[in-house]
Amino acid sequence: MGKKATSFRRRLTKRLAVLLLALTAAAIAGVAVYARHLAVQIDGRFSSRRWQIPSTVYSDSTLLFPGQGRNHDLFLAKLEALGYRRVNQSPALGEYRLRPGRLEIFLHDLKTPSQTRSGFPVQISLDPNRIRTITDQRSGRALPLLELEPEKIGLFFGAAREQRKLVAIAQVPRPLIQAVLAAEDNRFYDHHGVDPRGLLRALWANLRAGGIRQGGSTITQQLSKNYFLTPERTLSRKFKELLMALVIDARYAKDEILEIYLNEIYLGQKGSVSINGIGEAADFYFGKPVEALSLTEGAALAGLIKAPNLHSPYQDPDRCRNRRDGVLRAMAKNGWLTEEQLHAALEKPVTPAGFRTYHRKAPYFMDYLSEQLGALYSPEALASMGMSIYTSLDTQIQSAAETALLRGLARLEKTPRLRAQLSPANRLQGAVIVMQPKTGHILAMVGGRDYAESQFNRASQARRQPGSTFKPFVFLAGLERFTPASRLSNRPQVYEIDGQRWEPQNFERETVPEISLRQALAHSANRATVYLAMQTGLDAVVATAEHFQFSTRLRPLPSIALGAFEVIPLELARAYCTFAAGGLEPYPLSLKAVVNEAGEVLERRHLKIERVISPAAAFIMNSLLTSVVTEGTAASLAQRGIGFPAAGKTGTTNDWRDAWFVGYTPDLLALVWVGFDDGAGIHASGASAALPIWADLLKAVPQTVSGTWFRPPPGVVQRMVCSQSGQLALKACPSPMAEYFMENNAPAAPCPLHGRRNPFREFFDDVQNRLHHK
């Protein structure tokens, strides 16, 4: 019986051993199969696009040159927005110093689709309102032109809203790498993805705590968790993390693992946007590229990894410094710092660059840009491909436009009649568009007073009656038969529209019965304008306006002369650009170029212009619209500090629903509209509501005023004419004046109002006119 029992136990033990071996083999095989599955998953992820990088939108670069006007406050705000830090000592890279009469800047590196250059120090000598000289401090050479880098104005985020600036391991300073290893995994280069010592230490801590409190995670394990797994604390998830770490370590080099980790880690929050990766963190916390980080700055960033928001220098500077000091001591313990280096580092404070929350600049412009980009790229591509999108926006002009509009609306809302009709749901609104007439580049776009309150872009989406700002197109049509000196009837006249009697009224109560074409436009005489339209032909007026590609419907009715139909403000601004550009109408451009992560240009938008009117006709219109500013409805610009030449037109619609001013120089055009979204009256004209906003805007950007003016092109002549008849002036004419004409319809007959007809006198006056022209 004993022998049988012993034999049974032996057989049982042997079978159990075989079973255990089989189970162990099966488990190992299962783990191996699962590891192979994980390897395929890891390789697939690492070999494809590793991160969803939001595309970055940039403004245009800023050009500086001697003699250029400047707005001191806007220019310093521009430097701050570009990430330059003000210092009191000689500037290093990315810093500036302001001294009496001069500004010293150590420029950032510049990289645009058209050029690349390294940063260098410059000195800008300043007069009170102008740049005097620009000097390269390396050589002492005077620079005729200086280009500042584009400004980041927005990002196209995905759902995660992660901001990340990728860096290569070769870019990361050795002390920063050592700081990260000291803080997170000092045996990173010695273990195989999992550190048994760390696991035992964590196991002991967890047994004592009665639950999972420590992970003992290596950098490779952290990467596995952050990149592939959820943050839950379970044994199954921990097992998967361990296995993935072993697989990653077996298949990838240590430096590549560390590079991926440094680009992946979460390092804080910028408002609603998360800061990911050491490259983005270096810029966010210290305003520097990762290569420029000091030892103490690198240690501070390494100290953030465990709890970024808890140890943030913006949240708790003392806690941040204590954590940094702990990292420095760990570096010394590992032999990466001497005692002397440690003590010197511990003495230094943590000095962050200054908290900058993320917000899209120029949000209405960004929306308009998104519409143009939508024809080229999907939202998913914009949110993930890390493209650099270069635009036409000038952030100084944009800031000035936003400020001018808000101040102008606030001023208007203080008037008693307007204040009585305001409500939170019905606030006064406005729009501003600034363009380069010759290129069509949109320099600024403000589509409303508050984007957070209303995303409706009144600059590009609203349809409003243009009122008298449409009159220049009536006068342009009339130039085929009439001249600036032609006399127009300004008498009361009744017209019939769709069976209804309509009698236009002039804004001014006392009006003369007859007026010159120039004066009619300068003073916005309604009766004379409608008379001109009827004499020219309403079909001809519509045909002329249609050349400017308004997308709204135009009807040949007498009221068209006074802008009694709707236009889109951006289209009206574009049409006025044609006058300033010598008859060439540009296509409005917000996008200049799109560049991929490798620096290759994917898209480059070239200027698109079309000849709409002759240079001669454009010059005559510029001359007429200059009279609006010098002696007409916009003459108050001089009282508002506009001392440079300008042309433009005011506009006011029925019942004061819309107030407009479109003004321009050869280099810049700005349109301002003010009104209520529901069409309620604002009880103010274009001259009193929109024009002051235009004046405030232009005064704030003196760098845009060159002082040049339009010159007569071929096909334009100047003659001395009688102001009363519009014909060639005689000696007896009491008020002769010089006037521009298109050569093909310049007056040839002498004034019929003054003096008897004398052929010799007429010949002599004609010679005088021709000599005066020459």
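**Exercise 1. Find the salt bridge partner of arginine 360 and state how exposed arginine 360 is.**

Step 1. In this predicted model, arginine 360 and aspartate 367 meet through their side chains in a salt bridge, 3.0 Å from N to O. A salt bridge here is a side-chain nitrogen of Lys or Arg within 4 Å of a carboxyl oxygen of Asp or Glu.

Step 2. Arginine 360 counts as partly exposed because its relative accessibility is 25%. The classes are buried (under 20% relative accessible area), exposed (over 50%) and partly exposed in between, with a 1.4 Å probe and protein chains only.

Residues are numbered from 1 along each chain as its sequence is written. The model is predicted, so local features need pLDDT of at least 70 and side-chain atom pairs count only at pLDDT 80 or more, while totals for chains, interfaces and linings use all residues; side-chain values use heavy atoms, with hydrogens and water left out.

**Exercise 2. Describe the salt bridge between arginine 464 and aspartate 658, and say which parts of the chain the pair ties together.**

Step 1. The closest N and O atoms of arginine 464 and aspartate 658 are 2.6 Å apart.

Step 2. Arginine 464 lies in the loop between strand E18 (442-446) and helix H16 (471-478), and aspartate 658 lies in strand E28 (residues 658-664), so the pair ties together parts that are 194 residues apart in sequence. Helices (H or I, at least four residues) and strands (E, at least two) are DSSP runs, numbered from the N terminus.

Step 3. Arginine 464 counts as buried because its relative accessibility is 10%. Aspartate 658 is also buried, with a relative accessible area of 4%.

**Exercise 3. Locate arginine 487 and glutamate 514, and decide whether each is buried, partly exposed or exposed.**

Step 1. The side chains of arginine 487 and glutamate 514 form a salt bridge of 3.4 Å, N to O.

Step 2. This pair links distant parts of the chain, 27 residues apart: arginine 487 is in strand E19 (residues 487-489) and glutamate 514 in strand E22 (residues 514-516).

Step 3. Arginine 487 is partly exposed at 27% relative accessibility, and glutamate 514 is partly exposed with a relative accessible area of 35%.

Step 4. The structure holds 26 salt bridges. A network of salt bridges links Arg97, Arg99, Arg102 and Glu104.
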